[in-house]
Structure formats: structure tokens, C-alpha cells
Amino acid sequence: MKRRNFAVRTGVRWKIAIAIAGVGALIAGALSLVVHNAARVSMLDNAREVQMERLVFAQRMYESAKPKGEPKFGTKINDPALPPELEALMRNRHRGTFVEERPSGAPDVWAAVPLANGDVLSLRTQFAGRSTTIMKALDQALVAGSVSVVFGGCALGVLIGGQLSRRLRKAAAAAGKVAQGNTDVRVRDAIGGRVRDETDELARAVDALTDALNERIQAERRVTADIAHELRTPVTGLLTAAELLPPGRPSELVRDRAQAMRTLVEDVLEVARLDSASERAELQEIALGEFVERRVRALDPEAEVRVVHESWVNTDPRRLERILGNLLANAAKHGKPPVEVTVEGRVLRVRDHGPGFPEALLREGPSRFRTGASDRAGHGHGLGLTIAAGQARVLGARLTFRNASPSGGAIAVLWLPEHAPTSTGSFPVLRLPPEER
């Protein structure tokens with residue numbers, strides 16, 4: 001069983017927003033804890049000072065009374081609940097205060113002083129009332145402030161990330177146009193803006209790469225065209241000279257090889273013209289099914305033709321015949337019979353029952369001087385499918401390749417556009433069904 005990996009796709013905008021919101025939440029939480037603890041400690045210290053002042057005043061009232069009576073203001077003599085920490089201070093004849101924490105509820109604030117007769121006068125009150133109200137109000141303010149910081153940071157992250165995301169999307173769109181062959185597009189101009197950041201460095205790098213690749217491609221095209229043009233004259237002369245040889249098997253071999261070389265030179269010249277993007281279609285209105293039937297009978301009489309649905313198309317018959325001929329030749333040379341040609345509306349399919357197309361061709365498309373079958377053993381030059389794909393682009397069509405399963409075989413599908421290409425060479429966007437993409 002094939003294991004599939006699922007990935008969550010998120011944009012830069014939300015990643016930055018989440019990061020800023022997370023950092024803001026951590027900082028707000030930490031500051032809130034610090035402020036809460038500092039405020040609580042300060043209020044407890046103040047409560048202990050007030051407690052000691054009340055106890056000292058009660059001590060004076062108790063010691064000045066004649067005779068001594070009961071202690072005043074809630075104080076107690078030798079309270080058995082006195083904390084051990086205060087008992088240790090009293091044994092050393094020191095006054096002191098102590099905060100006794102409770103598992104639940106407000107803490108108790110103690111104050112104790114030693115008396116002259118050896119007794120201990122203490123006062124115990126609960127840290128509650130106005131202090132608790134103030135702490136609750138402070139906690140609510142801290143929570144509200146923390147939430148505001150988180151939402152504000154999130155909004156700021158969306159704003160900053162949105163700007164960066166827009167620049168990256170513009171750069172990606174411009175790079176996509178360059179990948180489609182529009183080398184005049186510049187990523188730096190596409191992203192625009194006054195801000196200078198890493199996206200500008202990326203744009204400059206992509207533009208430099210585009211210029212370098214464009215120069216290399218143009219150089220390769222010029223070399224290919226120049227070589228083909230230079231070979232055309234001597235090959236033509238060689239073919240003419242071969243025709244003058246006396247009849248015989250050696251003469252037939254020379255003429256056959258000279259004709260093969262001439263065909264190769266013509267194919268290379270055609271590829272060079274298609275690469276230059278200067279080719280324009282000469283449009284005519286034709287019945288696609290009838291046209292394909294006539295051409296297939298002339299090109300490969302053994303191929304089976306089936307017209308599922310007839311359709312009138314506005315296209316270039318010569319270029320369409322060239323595409324059909326190359327597909328049939330590829331199927332006859334590298335596939336196995338029967339070769340089936342199907343016309344369904346504006347869709348033309350050519351199928352054989354051979355080993356199918358290699359994975360490299362299915363993944364990257366046809367390429368010159370790379371054969372279209374995995375078992376060719378070096379036969380052919382790989383120009384047939386390259387020319388077919390180039391002629392399809394001139395027609396504004398789409399040529400796709402796939403392998404049939406489970407019976408096997410290679411399938412080439414030509415999708416003719418609903419609208420013919422314009423005189424300027426621009427083509428409509430052709431949308432394919434998911435199974436053919």
C-alpha cells in the first residue's frame with residue numbers, strides 16, 4: 001500500500017501573524033505575572049505595616065490601662081495559633097509580622113510584639129476586603145491588556161505578512177510567465193513598491209537567471225539553425241550526386257542515407273523556426289473527423305479511425321497534418337499495432353499498444369534528440385514529438401502524453417482550442433479535464 005504524506009499549506013501572512021501573536025502572548029503573560037506578583041507583594045507589605053501600627057497602638061492602650069484589662073482592637077494574649085516563625089522572634093524579644101498563606105482563600109496577616117511580663121500580644125486579620133477587590137480589578141485589567149496585545153500583534157502580523165505575501169505572489173506569477181516562455185517579463189518590475197527587502201534580492205537573482213538562460217537558449221537556437229542551414233546545401237548536393245550513381249544495392253544505400261540526412265536537416269530547421277516563435281497559422285474551417293480519416297488513410301492505411309463526434313474547427317490543415325503524421329510515425333516505429341485514432345469533438349487521440357512512453361517524457365515532455373520510447377536502443381532523433389508539440393503551440397492547441405493502463409500502450413492527445421489563434425500569435429487559455437492534465 002502506497003503511503004501518502006499530507007502537508008498543511010499555510011501562507012506567509014498567517015505564519016507571521018501567528019508568530020507575532022504567539023510572542024505577544026508570551027510577553028504579555030510574563031509581564032502580567034510579574035505585575036500581579038509585584039502588586040500583591042506590595043499590598044501585603046503595606047498590610048503588614050498597617051497591622052504592626054495597629055498592634056503597637058493596642059499595646060500602648062493595654063500597658064497604660066490601670067488595672068490591666070482585656071486587650072483591645074481584636075488583639076490576643078498568648079494566642080495558641082501564633083505561627084512558629086513569630087514564636088521564634090518572640091523568644092528573642094523581637095517584634096515582627098508574618099503572612100500565613102492558605103490553600104484556599106485570602107492569606108492571614110499576623111503581627112506580634114513581646115510584653116514586659118513575658119506574654120505575647122498578637123493581632124491576626126485576613127487579607128481581604130478592599131485589597132482583594134483591587135487585586136481582582138488589576139487581574140482583569142491585565143487580562144484585557146494581554147488579549148489586546150495578542151489581537152493587536154495578530155493584526156500587525158497580518159498587515160506585515162500580507163504585504164510580503166503579495167510581493168511573493170507577484171514574484172511567483174512573474175516567474176511563472178517567464179517559465180512559460182515570456183522572457184520579456186522582469187520579476188523586479190512586477191513586484192514594484194518602495195520597500196527594499198529580501199524579495200528584491202530574490203527578484204534580481206531570478207531576473208539575472210532569466211537573462212542568462214535566455215542568452216544560452218538563443219545561442220543554442222542560433223547554433224542549431226546555423227548548422228542546419230550550413231548542412232542544407234552540401235546535403236542537397238550529396239543527394240543529387242547519389243541520384244547519378246549507377247543502379248545497384250550500394251547506390252540504394254547511399255541514396256537512402258542521403259535522404260535520411262536531408263530529412264534530419266529539414267526537421268532541425270523546422271525545430272529552429274518553431275523555437276523562434278515566428279511561425280503563424282494559416283487558418284481554414286475544416287471538419288475534423290473527415291480531415292483525419294482522409295489523412296490517416298494516406299499516412300497509415302493500417303491504422304483504425306473512429307469518429308465519435310464530428311466537429312468543425314478553425315485551424316491550419318498543413319500543421320495539423322504534420323502533427324498527425326508525426327504521432328502516427330512515432331506509434332508505428334516505437335509502438336505495436338493496432339494503432340487507433342479517435343476523434344471526439346475537438347479532441348484527437350492516437351494510441352498504440354506498445355510499451356508506452358518513458359517516465360522522463362511523461363514528466364518533462366518531448367525533447368529534441370531524446371527518443372520517445374525506453375526500448376529504442378538509440379534509433380531515431382527525438383524530433384518527431386518535439387515538432388508535433390511545437391506545431392500544436394502554433395495552433396493554440398495542447399498536446400499531452402500518457403500511458404494506458406492496465407492494457408498498456410502510449411496515448412497522445414491533441415486538444416484543439418475553441419477559438420483559433422490570433423494573427424499576433426496569442427492563444428486562449430485551454431483548460432483540460434483533471435484526468436488528462
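This is a predicted model: local features need pLDDT of at least 70, side-chain atom pairs count only at pLDDT 80 or more; totals for chains, interfaces and linings use all residues.

Colleague: Where is Asp79 found?

Modeller: Asp79 sits in the loop that runs between strand E1 (76-77) and helix H2 (84-91).

Colleague: Is Asp79 buried or exposed, and which side chain of opposite charge is nearest?

Modeller: Asp79 is buried, and it has no salt bridge. The nearest side chain of opposite charge is that of Lys76, 4.3 Å away. A salt bridge requires the nitrogen and the carboxyl oxygen to be within 4 Å.

Colleague: And what is Asp79 in contact with, leaving aside its neighbours within four places in sequence?

Modeller: With those neighbours set aside, Asp79 is in contact with Trp110 and Ser122.

Colleague: Let us turn to the surface. Which residues form a nonpolar patch there?

Modeller: Val23, Ile27 and Leu31 form one, and together they have about 280 Å² of accessible area. Leu31 belongs to helix H1, residues 12-64.

Colleague: Why does Leu31 count as exposed?

Modeller: Leu31 counts as exposed because its relative accessibility is 51%, and the cut-off for exposed is over 50%.

Colleague: What about the chain as a whole?

Modeller: Of its 437 residues, 36% count as buried. The accessible surface of the chain is about 26,800 Å², with 56% of that belonging to carbon and sulfur atoms.

Definitions and conventions: Residues are numbered from 1 along each chain as its sequence is written. Side-chain values use heavy atoms; hydrogens and water are left out. Helices (H or I, at least four residues) and strands (E, at least two) are DSSP runs, numbered from the N terminus. Buried means under 20% relative accessible area, exposed over 50%, partly exposed in between (1.4 Å probe, protein chains only). Lys and Arg count as positive and Asp and Glu as negative; His and the chain ends are not counted. Contact means heavy atoms within 4.5 Å. Patches are made of residues with over 30% relative accessible area and no salt bridge: like charges are joined within 9 Å, nonpolar side chains (Val, Leu, Ile, Met, Phe, Trp, Tyr) within 5 Å. Accessible areas come from the Shrake-Rupley method with a 1.4 Å probe; for residues, only the protein chains shown count as cover.
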